[in-house]
Amino acid sequence: MTPSAAAFALRGQRGPLFAKHPLTGRSVRVPYVAMWDSEKAVAEAMLAVEIAPAPRLAYQGRRLPGDRDGFGALWARCSSSPGAGEPAFACMHPGRQYECMYAMKCQVCRAPADRNADGWLFLDWRHELDPPTWPEGALTAMPPLCAQHARLSMGVCPKKGEFTALRVKAPRLWGVGGVSYRLTTDGWRLNQGENDLWLPKDDPGLGSMLVSKLIRELTKVTPVDPRDLSTPTA
């Protein structure tokens with residue numbers, strides 16, 4: 001099932017978009033998944049309680065078939081107007097992130113991500129809570145890339161110099177990330193400090209989350225030389 005967040009995104013970007021990058025000052029291609037400041041999320045006041053059978057987050061008014069994903073998580077509704085306003089390179093649009101992560105598309109150009117006998121192409125860097133086996137078993141919200149745009153990303157990413165190019169044979173769907181709410185007598189209230197919570201797909205806490213990103217676990221990982229990403233695809 002495609003979340004309505006992704007359905008909004010699919011209304012459409014017509015072609016490559018370019019903007020000045022805040023770090024380099026150069027005009028670069030804006031990643032397909034990037035947010036634009038004209039794109040707005042549905043207001044928190046639109047959240048409601050649904051009994052199914054336990055209380056869980058829902059939207060007031062008309063419920064869209066794609067509001068929830070296959071895990072039952074409620075996705076943030078967000079307008080889609082790529083190219084209008086200024087891009088926020090560090091933020092991802094919920095629908096476009098979902099589309100690229102679920103369908104294994106390049107996060108920059110929306111084409112199929114690069115894949116060879118060693119797996120799909122990802123870029124990743126160490127995070128505080130990564131397992132000691134990193135990059136094996138790492139969790140990521142960053143969709144894969146094609147070889148061409150992996151090289152572009154390495155030149156402009158704020159994490160330049162910190163990340164590693166990876167081939168991943170089994171990037172399994174792990175769960176979702178978003179913000180956590182608690183149900184009070186006055187309705188849903190945001191849990192302070194939990195504005196980027198990641199939960200596995202079978203966690204009972206999903207009912208009180210408004211999610212905005214799909215998470216994959218990287219398994220069967222092979223680090224590769226980022227200067228050599230032109231291996232033939234399988």
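Start with the charged side chains: a search of the whole structure turns up 10 salt bridges, each being a side-chain nitrogen of Lys or Arg within 4 Å of a carboxyl oxygen of Asp or Glu. Before you click further, know that this is a predicted model, where local features need pLDDT of at least 70, side-chain atom pairs count only at pLDDT 80 or more, and totals for chains, interfaces and linings use all residues. Residues are numbered from 1 along each chain as its sequence is written, and side-chain values use heavy atoms, with hydrogens and water left out.

**Stop 1: D67 and R77**

Select D67 and R77, and you'll see their side chains meet in a salt bridge, 2.8 Å from N to O. This pair links distant parts of the chain, 10 residues apart: D67 sits in the loop between strand 5 (55–59) and strand 6 (74–75), while R77 is in the loop between strand 6 and strand 7 (87–92). Helices (H or I, at least four residues) and strands (E, at least two) are DSSP runs, numbered from the N terminus.

Are these two buried or exposed? D67 is buried, with a relative accessible area of 4%, and R77 counts as buried too, at 11%. The cut-offs are these: buried means under 20% relative accessible area, exposed over 50%, and partly exposed in between (1.4 Å probe, protein chains only).

**Stop 2: helix 2 and E99**

Now select helix 2, residues 94–103. Here 8 of the 10 residues are buried, so helix 2 is largely enclosed by the rest of the structure. The buried ones are P94, G95, R96, Q97, Y98, E99, C100 and M101.

Zoom in on E99, which is buried at 8% relative accessible area. Which residues does E99 pair with in salt bridges? One is K105, at 2.9 Å from N to O; K105 counts as partly exposed, at 23%. Another is R110, with the closest N and O atoms 2.7 Å apart. E99 lies in helix 2 and R110 in the loop between helix 2 and strand 8 (115–116), so this pair ties together parts that are 11 residues apart in sequence. R110 is partly exposed, with a relative accessible area of 30%.

While you're on salt bridges, select E50, R56, R63 and R68: bridges that share partners join them into one network.

**Stop 3: the cysteines**

How many disulfides does the structure hold? The count is 0, where a disulfide is a pair of cysteine sulfur atoms within 2.5 Å. Pick C109 to check: C109 is in no disulfide, and its nearest cysteine sulfur, in C106, is 3.8 Å away. Then try C146, where the closest cysteine sulfur is again that of C106, at 3.7 Å, which is too far for a bond. C146 is buried, at 12% relative accessible area.
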